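Hi everyone, thanks for coming.

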Amino acid sequence: MDEIYLDKIRKEARNNHIPILLDETMEYVLDLLKKRQINSVLEIGTAIGYSASCFTKILQPNGYVDTIEIEEQRVNEARDNIEKLGLSEKINVYYGDALDILPTLISKNKKYDFIFIDASKGKYLEFFNFALELLNDNGIIIADNVLYKGMVLSDYNGHKHRTAVTKLRKFIEYIQNIVGMTSEIIDIGDGISITYKRKEEELNGTKG
Ligand SMILES: C[S@@+](CC[C@H](N)C(=O)[O-])C[C@H]1O[C@@H](n2cnc3c(N)ncnc32)[C@H](O)[C@@H]1O
């Protein structure tokens, strides 16, 4: 991987106010993923391909990343960046609304080891329910921005962000109450949630 070009993408995104994953969150997520065997990644929210490219660093040799982006210009930029990084064989960018594309992946019986949700905050619950159907048994789902600048766990009740904050609060409550799954909220960057299936021994009450 051409780290200099990757850094150029990161800086360009920041200069153009394209919201890419914060450095501390990326470091945390990559550390977590390194401990697992990741062959397949699904990302919802490509932007210009920065995080998708970073995820290739922790892939097993034949691993790949599928990533979905709704804005055509960003899809084109992402594909261009991915090509320049020499990652076209590893990353496939889908152009469209994830809410349309995710059901097509389900109908193809696709399964992923890691699913990353990083698109419109108001739709996290819908993305997540599709993600559950696309997750391998040992898979992990991470959603970014779940604490949304600290507003989600505060008593924020302002008008401007009310819809997103209310939906994220519901999202957090929902994922923490799914039978057979464990979810944690980590206060890093803009806040991430981590969800995975509970192990058999935990479900049987012999552990935890
Ligand atoms: C926070 S950015 C993604 C940043 C990227 N993951 C990174 O860290 O490099 C969110 C992206 O999701 C896209 N998006 C928003 N809603 C979407 C949807 N329903 N389906 C697909 N992409 C969507 C936006 O256009 C935007 O480019």
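First, a term: a nonpolar core is a set of buried Ala, Val, Leu, Ile, Met, Phe, Trp, Tyr and Cys residues joined through side-chain atoms within 4.5 Å, and buried means under 20% relative accessible area, with a 1.4 Å probe and protein chains only. This is a predicted model, where local features need pLDDT of at least 70, side-chain atom pairs count only at 80 or more, and totals for chains, interfaces and linings use all residues. Residues are numbered from 1 along each chain as its sequence is written, and side-chain values use heavy atoms, leaving out hydrogens and water.

So, the largest nonpolar core: 37 residues, with Leu-33, Phe-55, Phe-114 and Ile-142 having the most contacts inside it. There's also a second, separate core of 34 residues, and Leu-42, Phe-127, Ala-143 and Phe-171 are among them.

Let's look at polar contacts, meaning N or O pairs within 3.5 Å. Leu-21 uses a backbone N or O atom, 2.8 Å from a ligand oxygen. Asp-118 puts a polar side-chain atom 2.8 Å from a ligand nitrogen, and for Ser-120 a polar side-chain atom is 3.4 Å from a ligand nitrogen.

Key:
Buried means under 20% relative accessible area, exposed over 50%, partly exposed in between (1.4 Å probe, protein chains only). A polar contact is a pair of N or O atoms within 3.5 Å; within protein, one must be able to donate a hydrogen and the other to accept it, and residues adjacent in sequence count only if both atoms are side-chain atoms.
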